[in-house]
Amino acid sequence: MSTPNPEEAEGFVTAITPQSQDFSRWYLDTVRKAELADYSPVKGFMVIRPYGYAIWELIQRQLDDRFKASGHVNAYFPLLIPESLLLKEAEHVEGFAPQVAWVTKGGTEDLDEKLIIRPTSETIIGVMYQKWVQSWRDLPVLINQWANVVRWEKVTRPFLRTTEFLWQEGHTAHETAEEAQEETLKILALYKEFCENVLAMPVVDGQKSESEKFAGASKTYSIEALMGDGRALQAGTSHNLGQNFAKAFDIQFQGRDKAMQHAWTTSWGVSTRLIGGVIMTHGDDSGLILPPRVAPTQVVIVPIPRGNWKETVLPTCQAIRDQLVAAGLRVKLDDDDSNTPGWKFSEYEMRGVPLRLEIGPKDIEKKSVFAARRDTRAKQSIPMDGLASAVTALLDEIQAGLLARARQFREEHTSRAATWAEFTALMEGRPGFVIAPWCGEAKCEAEIKTETQATIRNIPFGSAAPSGETCVHCDAPATAFAWFAKAY
Ligand SMILES: [Zn+2]
């Protein structure tokens, strides 16, 4: 009789399933083993563990800096929203009602009016803007909120789809339609720049089809990334709400011509889903690969314990750590002697630390350190003299390399289909983006989804207009080249 491995018996992950074997399993194993998140006692809700939260904090800080630099300010609105507010915008209620969590009691007493836990905050913010906006001089209002929201989900997956998630939601009000449209696109561009330069995650920016639009929006724009398994991930959205919410919530102001008019509003958001995007864009069979700009630890120093290393090697490691920290880097020195260097190498690889420095007696003799990159696994010796600037340059190189690699992957997994036979063959075979001419009809779009599971991710800015092409599915005249994919 064999004794069960105690770890397996308790359901702990002992190894990461290879991506080629089961990408979804690989993802869950990586999240669990790298201690990014854990399941909670409430079904569908996750606990973000410190390592995962540290990534979120880096995302949050760098995004927040960008919002502030573009003139936005932060505020905070209530978690609970009266039912009557949700009902005010017809399309909005239809879109969100199936996912709403309700609060019906306060203590032991039934509430006079049921409350919902915010699935998003257009409604409660609309009520406040109605009070705050009186004159064209009060505009624009450029407010962002960092918050949690709840959307009741049947099937959940850590970071990608959870019942509660963390996000930011920007809500702006403007004097003219043009300004609202400009804001909507400005934020989408900001998201794209952030995803590419910070997360090293290339995205396709464009407009959503009518049926994929946000409930209550005039126009929705998105950025779409391609994950390692060839599925698309909607990484962020920006909505031009037109005057829909302003009319529903009576956000009116006296214009420059003294006439009363409704404001033009926008809303936009990205969430903890971005962490899922980072994991699935860059990770490999050994686990996470983190871009340096969102890596909680950018450099790990592993001393090689030979002889009386605590007297000979360790002080040099400490001095190097201090020098790198002083240069603004996030550095960890792992001097725990209960683990071998080999164990540490695979542990920090699994956790996606971009750069490992190994320092032993021989390195000290040669006045150099041995560096191993996580992304390419390339190894090189770096002189201790000028180490901080060499390491900083190397991290920049890793950051740029990850973006280039992800771009190349996307290019290799983007195809064109002119006929339905080509389209279905592509969707059954090698996944990725498929660019195809489309008629613009919601019914046709729905049929494509039913038959292939593929959805229109967006119609990218600058796409060529069809000239005589017919729809890939129904043969009606095409109105656009849409980017299709199976998506998370
Ligand atoms: Zn069609």
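The legends below describe close-up views of a predicted model.

Residues are numbered from 1 along each chain as its sequence is written, and side-chain values use heavy atoms, without hydrogens and water. Because the model is predicted, local features need pLDDT of at least 70 and side-chain atom pairs count only at pLDDT 80 or more, whereas totals for chains, interfaces and linings use all residues.

**View 1. The largest pocket.** The volume of the largest pocket is about 1400 Å³. Of the 50 residues that line it, Arg151, Arg161, Glu212, Gln234 and Arg273 are the closest to its centre. A pocket is an open set of points on a 1 Å grid over the protein atoms alone, with protein on both sides within 12 Å along at least five of seven lines; a lining residue has an atom within 4 Å of a point. Grid points are joined across faces, edges and corners, and a volume is the space filled by probe spheres set on the points. At least two lining residues come from each of helix 5 (90-96), strand 8, strand 11 (232-240), strand 14, helix 16 and strand 22 (455-460). Helices (H or I, at least four residues) and strands (E, at least two) are DSSP runs, numbered from the N terminus. The lining of the largest pocket has 17 nonpolar, 16 polar and 17 charged residues. Here Ala, Val, Leu, Ile, Met, Phe, Trp, Tyr, Cys and Pro count as nonpolar, Asp, Glu, Lys and Arg as charged, and the others, Gly among them, as polar.

**View 2. The largest cavity.** A search of the whole structure finds one cavity of 30 Å³ or more, and the largest cavity has a volume of about 80 Å³. In a cavity, a 1.4 Å probe fits but cannot get out. Helix 6 (122-132), strand 8 (164-174) and strand 14 (264-271) each supply at least two lining residues; helix 6 gives the most, with four. Among the residues of the lining are Glu122, Tyr129, His171 and Thr265. By class, this lining has five nonpolar, five polar and one charged residues.

**View 3. Helix 15 against helix 16.** Helix 15 (residues 420-428) and helix 16 (residues 442-452) pack with their axes 11 Å apart, at an angle of about 45 degrees. Helix 15 is therefore oblique to helix 16. Axes are lines fitted to C-alpha atoms, for helices over the stretch in contact, and angles run from 0 to 180 degrees between N-to-C directions. Angles under 35 degrees count as roughly parallel, over 145 as roughly antiparallel, 65 to 115 as roughly perpendicular and the rest as oblique. Trp420, Phe423, Thr424 and Met427 in helix 15 meet Ile448, Glu451 and Thr452 in helix 16, where contact means heavy atoms within 4.5 Å. The residues of this contact divide into four nonpolar, two polar and one charged.

View 4. Leucine 139 and proline 140 are joined by a cis peptide bond, with omega about -5 degrees. Proline 140 lies in the loop between helix 6 and strand 7 (141-150). Alanine 200, in the loop between helix 7 and strand 9 (204-207), has a positive phi near 55 degrees. Most residues other than glycine have a negative phi, and most peptide bonds are trans.
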